[in-house]
Amino acid sequence: MRDHLPSASHRPWPLPQRPWVMRQTWHDLLFAHWPLPVESLRPLVPAELELDSFDGQAWLAVAPFWMSGIRMRGLPALPGLSTFPELNVRTYVKGPTSSGSRLASPPGSPHKPGVYFFSLDAGNALAVAAARAWYKLPYFNADMKVDVDGDEITYSSRRRGPPVPAELRCNYKPTGPGTQSKTDLESFLTERYCLYAVSRARRVFRAEIHHEPWTLHPAEVAWDVNSVAASHGITLPAVEPRLHFSKRLDVYVWTPDRLL
C-alpha cells in the first residue's frame, strides 16, 4: 500500500505534523463555478466563518465526481464500500470570524483559506453516516449513477428524503488538454487545502487535506436538471459558469481540529 505523500512544495502552509488518517482518489470531477454577490451568500454561511471573496465576488461551486480507493491509514480499501459517487455544493471561507477570541489551541493560523460545504450528496450510506459523525459535514444519502464513455460523463443524483429535494442530471466532458498552470482566480477556486464545518452546537472544525496541484482541463456541460443549489435557497445567476474538468486526484485527509 502506498503511504508516502506527494510533494508539498506547492502548499500555502506546511503539512500537519501528525499522520494523515484517510486516503481516497477522486475521478472525473467537474467544477462548475458561479459568481455571486457577497451579500447574497453571506447570510447562508454560518456566522462563525469568514466568507472568502475574489475581486469583491463570492463563488458557488457544483462539483460532481466519483471516488475510489477510500481507506483508512494502514488498512486496505474495503470492496463495496470504497467506491461511490459524490456531489458537492461549496463555497470558500477563510476560517473563523473575529469572534475567534475563543480559539482553541491547534497549531497554525485559524484563518487558513478553505472550503465550506452546503451539502455533500453521496451514494454510500455508511460513508454519509461516518462523515456526519466524524467531520460534522452535511452529507446526505442520494441515489446516484455515473456512466463514463471515453471522455464523456453522464451523471445523475437524486437526494433521498428531507430536508429539501435536490437533483442533478447532466453530461460533461473535457474539451482540451489539462494544465497545472492557473490564473489567480483558478487558484482561488481550486487550490484549497482544508475544509471547515460548523456543528449544530456552533462549534467550528477544520480538517487539513493534501494533494498534488489540480490538473485542470477546459470543459463543457449540458444540464438536464440542476436543483442542488436551489435546495439551499441559492439562486444561480443567469450567466455561464466557469467550467473545469479533472480526470484524477489522490487526496489525503487528516482528523479535524476543533477551533471554536
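Aspartate 55 sits in the loop between strand 2 (49-51) and strand 3 (57-72); helices (H or I, at least four residues) and strands (E, at least two) are DSSP runs here, numbered from the N terminus. This is a predicted model, where local features need pLDDT of at least 70, side-chain atom pairs count only at pLDDT 80 or more, and totals for chains, interfaces and linings use all residues. Residues are numbered from 1 along each chain as its sequence is written, and side-chain values use heavy atoms, with hydrogens and water left out.

Most residues other than glycine have a negative phi. With a relative accessible area of 72%, aspartate 55 is exposed (buried means under 20% relative accessible area, exposed over 50%, partly exposed in between, with a 1.4 Å probe and protein chains only).

Arginine 202 is another non-glycine residue with a positive phi, about 65 degrees. Its loop runs between strand 9 (194-198) and strand 10 (204-210). Arginine 202 is partly exposed, at 41% relative accessible area.

## The overall build

Zooming out, the protein has three helices and 13 strands. Its radius of gyration is 17 Å, close to the 18 Å that the globule rule gives for 260 residues, so the protein is as compact as a globular protein of that length. That radius is taken over C-alpha atoms, and the rule is 2.2 Å times the number of residues to the power 0.38. Along the principal axes, the C-alpha trace spans about 50 × 45 × 40 Å.

Of the 260 residues, 51% count as buried. Take the contacts (heavy atoms within 4.5 Å) between residues at least 6 apart in sequence: 72% of them join residues at least 24 apart.

## Two nonpolar cores

A nonpolar core here is a set of buried Ala, Val, Leu, Ile, Met, Phe, Trp, Tyr and Cys residues joined through side-chain atoms within 4.5 Å. Which members of the largest core touch the most other members? Leu49, Leu60 and Phe118, out of 38 residues. Strand 1 (residues 22-37) gives this core its largest share, four residues. A second, separate core has 34 residues, including Met67, Phe84, Leu137 and Leu189.

Leucine 60 is worth a click: leaving aside residues up to four places away in sequence, its partners include Trp34, Val89, Phe118, Ile234 and Leu236. Among its other contacts are His33 and Arg90.

Glutamate 240 lies in the loop between strand 11 (217-226) and strand 12 (242-253). Buried or exposed? Glutamate 240 counts as exposed, at 71% relative accessibility.

Now for some wider gaps. Aspartate 149, in strand 6 (residues 139-149), is exposed at 63% relative accessibility. Arginine 73, in the loop between strand 3 and strand 4 (84-96), is partly exposed at 38% relative accessible area. The C-alpha atoms of arginine 73 and proline 113 are 26 Å apart, for a sequence separation of 40 residues.
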